[in-house]
Amino acid sequence: MFRRLRDPGRRPIRLLVDGETVEAADGDTVAAALLVGGHAVARRSAVSASPRAPYCLMGVCFECLVEIDGEPSRQACLVPAREGMVVRTGR
Amino acid sequence: MVAFVTAEVDLVVIGAGPAGMTAAATAAEHGLSVMLLDEQREPGGQIYRGIETVRDRRPADLAFLGPAYAHGATLADALRRARVDARFGATVWHIADPPKPPRGKRLVDPRRTVVFSREGDAAKLSARAVLVATGAMERPVPIPGWTLPGVMTVGAAQSVMKAAGIAPEGRLVLAGSGPLLLQFAAQCVAAEVPIAAIVDTAPGGALARAVWRLPAALPGWRTLLKGAALMRSLARSGVPVHRGAHDLVVEGEGRVERLSFSAGGGRHSLDADVVCLHEGVVPNTQMTRLVGAEHRWVPVQRCFAPTSDDWGETTAPGVYVAGDGGGILGAGAAERSGRITALAIAHRLGAIPEATRDLMAAPERDARFADAAVRPLLDAMYPPPDWLADMDDDAIVCRCEEVTAGALRQIAGLGCPGPNQAKAFLRAGMGPCQGRMCGLTVTEVMAKTLGRSPAEVGYYRIRPPTKPVTVGELAAIAEPAP
């Protein structure tokens with residue numbers, strides 16, 4: 001859904017998202033890594049299980065809730081991505 | 001779980017955007033002990049999001065992000081030089097009332113407890129004053145299909161462009177109206193991010209409505225010139241613009257595929273991979289509601305803002321507000337308000353005499369007047385959408401609990417008197433976002449059905465914690481039984 005504008009010039013890091021390796025750059029939030037890594041759908045809604053992806057990217061919409069390193073319901077847009085992070089979405 | 005830490009400070013500033021940065025630095029300059037808390041990892045708020053990272057690691061990007069954004073580095077530098085205890089990645093989730101004094105007595109030095117979490121650990125602060133500088137958020141745009149993956153705010157796309165240097169792929173459609181949309185469009189053009197179309201929802205005749213506001217806006221002539229330059233660069237870019245658009249609907253299976261809308265007497269449909277919506281910004285009132293401060297309905301901007309005096313103090317004693325969180329006036333005004341309110345707090349806490357406060361505030365007030373002067377013009381050119389109470393029955397209003405406009409109208413018709421009762425009837429406002437995405441819409445829709453004004457119908461009561469916390473974090477701040 002998103003692409004990198006140019007070589008980020010920052011240390012590349014790798015996360016595991018739903019078992020797949022996703023490449024990001026040091027300094028990205030987990031949400032940015034998901035958007036650029038082809039994992040935009042973060043979760044399914046509570047009532048109708050509809051797919052949801054980040055909406056505000058500033059911590060107010062709570063759509064980007066994912067499990068990070070075993071801790072559920074983290075707002076991906078507020079968590080810096082780190083090498084080796086294990087992310088599970090609800091897609 | 002680590003044991004809680006308590007610290008006593010003169011001033012807690014919540015939010016490190018333009019108002020928070022200048023307030024913290026100014027208060028520290030006058031000898032107050034200041035702690036600045038922000039849930040982002042670096043200062044800048046939203047408007048200057050990622051400014052230190054961009055300046056230090058991707059300075060070439062400043063070329064397309066623009067000089068207004070680069071100004072944030074000046075504020076961040078001043079903050080870093082100041083004697084401010086700045087904690088990032090810190091989420092404030094409670095601001096307590098000051099203790100009740102014994103009957104007939106007044107507290108000499110009332111303090112409030114502020115609770116925040118960082119990296120899973122909770123901490124309590126005791127502050128003589130609290131400044132809420134949590135700014136604004138984009139007005140939620142509850143059109144049918146807005147919950148589909150690939151629909152986001154213009155600000156969302158802009159903030160990841162700033163913070164991560166990423167941009168939407170494929171067919172990007174910007175839909176809505178307002179300066180932020182135009183600014184982001186210009187940034188995309190400069191960064192060579194193709195925009196498939198701009199769907200402009202500003203009602204026809206914006207310029208005619210606005211032109212009589214122009215004289216009053218002239219003190220902000222610099223802003224006017226920047227705006228005109230922006231519009232010229234967009235006109236030259238060749239991005240297709242559909243004007244006077246209304247009745248927008250996002251369509252798609254599992255993600256955005258199309259945006260359809262009415263314009264020029266016909267119905268249109270555009271293929272889209274990402275749709276960025278924008279209908280202005282509104283104060284983020286979560287913190288000021290939490291402390292029970294009085295809020296006023298602002299009819300021209302169709303939003304609530306905390307009532308505050310000339311110095312930024314709300315009706316909650318010891319709680320101040322500065323920046324867009326107190327009313328939308330923009331980043332320039334926010335920077336000034338931060339300094340003005342910090343001076344007021346410094347005086348109130350006995351650090352500076354009244355004469356010093358007034359002397360130093362005066363040039364900031366003058367500058368703020370110029371910065372804020374364009375606001376009525378912008379409000380006339382880009383009014384809030386007229387359909388905020390009139391969306392289709394099947395449009396989702398509360399995203400978290402998937403409550404539709406029709407459901408809200410039905411319960412209001414049954415006598416449900418307002419948003420707080422709607423919580424019980426429908427769970428509207430009871431999801432993780434705690435009403436941030438639906439509050440204004442629920443108030444408007446119910447008010448219209450009830451035939452009352454939004455001011456009368458009111459808004460959700462906001463209770464702590466203002467962000468989800470773990471049981472461990474709650475336990476960490478509990479006082480042991482005596």
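Chain A brings 38 residues to the contact and chain B brings 52, where contact means heavy atoms within 4.5 Å. This is a predicted model, in which local features need pLDDT of at least 70, side-chain atom pairs count only at pLDDT 80 or more, and totals for chains, interfaces and linings use all residues. Residues are numbered from 1 along each chain as its sequence is written, chains are lettered from A and ligands numbered from 1 in the order in which they are written, and side-chain values use heavy atoms, with hydrogens and water left out.

Start with the interface. About 3700 Å² is buried between chain A and chain B, and carbon and sulfur atoms give 58% of that area. Buried area is the accessible area (1.4 Å probe) that two parts lose on being put together, summed over both. On the chain A side, A:Met1, A:Phe2 and A:Tyr55 lose the most area to chain B, together 22% of what that side buries.

Four salt bridges are counted between chain A and chain B. A salt bridge is a side-chain nitrogen of Lys or Arg within 4 Å of a carboxyl oxygen of Asp or Glu. The side chains of A:Arg6 and B:Asp61 form a salt bridge, at 2.3 Å from N to O. Three elements of chain A each supply at least two residues of the side that touches chain B: strand E1 (2–4), helix H1 (30–36) and strand E5 (51–52). E1(A) gives the largest share of that side, three residues. Helices (H or I, at least four residues) and strands (E, at least two) are DSSP runs, numbered from the N terminus.

Next, the backbone. A:Leu57 has a positive phi of about 55 degrees, although it is not a glycine. A:Leu57 sits in the loop between E5 and strand E6 (65–68) of chain A. A:Leu57 counts as buried because its relative accessibility is 3%; buried means under 20% relative accessible area, exposed over 50%, partly exposed in between (1.4 Å probe, protein chains only). In chain B, B:Arg427 is another residue other than glycine with a positive phi, near 70 degrees. B:Arg427 lies in the loop between helix H16 (419–426) and helix H17 (439–450). B:Arg427 is partly exposed, at 39% relative accessibility.

One more loop of chain B deserves a look. The peptide bond from B:Pro464 to B:Pro465 is cis, with omega near -5 degrees. B:Pro465 is in the loop between helix H18 (454–457) and helix H19 (471–476).
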